[in-house]
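Q: I have a structure open and would like to go through it step by step. Can we start with the helices and work outwards?

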Amino acid sequence: DNSSEFIPKCRACRRQAREQSGGGDHHEGLSSDEELTPTEVDEFQKSKDNVLEDSRKIFEDVHADFCDIRKILLKFQEWKDKFPDSYCDAYISFCLPKLLNPLIRVQLISWNPLEQNFTELEEMPWFRAIEEFSDAESISEPK
């Protein structure tokens with residue numbers, strides 16, 4: 001099996017080519033095929049900035065009561081408190097994940113767990129709002 005001998009030879013050839021061309025920005029352990037050129041990095045950053053800018057505009061024409069997860073969950077909690085039979089018949093617990101999905105996804109667009117100073121999911125406002133709603137639901141359910 002010559003494949004195990006081939007890999008070190010390829011690495012040595014690429015290393016030698018980098019050294020001759022002055023490409024000293026190589027990170028050991030990464031394949032040179034995985035490294036991005038400065039142009040690619042700039043294009044990626046521009047594309048990322050455009051996506052983030054567009055994501056901020058998604059809910060700009062929506063009333064605040066309908067794009068804030070905490071406010072939406074409060075409305076459902078009021079519904080459950082005032083009309084428990086109707087709330088139960090509507091199977092709201094099955095509908096909420098689909099309803100909240102787009103709102104959460106927009107908030108997670110810029111989240112990157114690989115960054116050094118990223119926010120844990122459990123610390124995000126939407127997560128805490130859902131957690132509080134779930135706790136309130138479990139307290140108000142008859143045993």
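**Helices and selected residues**

A: This is a predicted model. One place to start is the crossing of α3 and α5, which is right-handed.

Q: How many nonpolar, polar and charged residues are in that contact of α3 with α5?

A: The contact of α3 with α5 has 11 nonpolar residues, one polar residue and no charged residues.

Q: Which residues in α3 and α5 meet there?

A: From α3 there are I69, I72, L73, F76 and W79. They meet I92, L96, L99, L100, L103, I104 and Q107 in α5.

Q: What are the values for α3 and α5?

A: Helix α3 covers residues 69–82 and helix α5 covers residues 92–108. Their axes come within 11 Å and cross at roughly 165°.

Q: Why are they called roughly antiparallel?

A: Angles over 145 degrees count as roughly antiparallel. The axes cross at roughly 165°, so α3 and α5 are roughly antiparallel to each other.

Q: Back to I69. Is it buried or exposed?

A: I69 is buried, with a relative accessible area of 3%. The cut-off for buried is under 20%.

Q: What is I69 in contact with?

A: Leaving aside neighbours within four places in sequence, I69 is in contact with L100, L103, I104, Q107, W126, A129 and I130.

Q: How far apart are I69 and A129?

A: They are 60 residues apart in sequence. In space the distance is 7.0 Å, C-alpha to C-alpha.

Q: Where is Q77, and is it buried or exposed?

A: Q77 is also a residue of helix α3. Its relative accessible area is 12%, and it is buried. Q77 and Y87 are 10 residues apart in sequence, with 9.3 Å between their C-alpha atoms.

Q: New topic: the whole chain. How many helices and strands are there?

A: The protein chain has six helices and zero strands. From the N terminus on, the order is α-α-α-α-α-α.

Q: What share of the residues is buried?

A: Buried residues make up 15% of the 143 residues in the protein chain.

Q: And what about the accessible surface?

A: The accessible surface of the protein chain comes to about 11,500 Å². Carbon and sulfur atoms account for 54% of that surface.

Q: What share of contacts joins residues at least 24 apart?

A: Among contacts between residues at least 6 apart in sequence, 52% join residues at least 24 apart.

Q: Let's go to helix α2. Where does K48 sit, and how far is it from S110?

A: K48 is in helix α2, which covers residues 38–57. K48 is partly exposed, with a relative accessible area of 30%. K48 and S110 are 62 residues apart in sequence, but 8.7 Å apart in space, C-alpha to C-alpha.

Q: What about S55, buried or exposed?

A: S55 is in helix α2 as well. It counts as buried, at 10% relative accessibility. Not counting residues up to four places away in sequence, S55 touches V106 and I109.

Q: Last one. What is phi of Y91?

A: Phi of Y91 is near 50°, a positive value in a residue other than glycine. Most residues other than glycine have a negative phi.

Q: Where is Y91 found?

A: Y91 is in the loop between α4, residues 84–89, and α5. Y91 is exposed, with a relative accessible area of 53%.

Terms used:
Residues numbered from 1 in each chain as written. Predicted model: local features only at pLDDT ≥ 70, side-chain atom pairs only at ≥ 80, totals over all residues. Heavy atoms only, no water. Axes fitted to C-alpha atoms, helices over the stretch in contact; angles between N-to-C directions. Helix = DSSP H or I, 4+ residues; strand = E, 2+ residues; numbered from the N terminus. Parallel < 35°, antiparallel > 145°, perpendicular 65-115°, else oblique. Left-handed = near helix turned anticlockwise from the far one by under 90°. Contact = heavy atoms within 4.5 Å. Nonpolar A, V, L, I, M, F, W, Y, C, P; charged D, E, K, R; others polar. Buried < 20%, exposed > 50% of the residue type's maximum accessible area, 1.4 Å probe, protein only. Areas by Shrake-Rupley, 256 points an atom, 1.4 Å probe, with all protein chains shown as cover.
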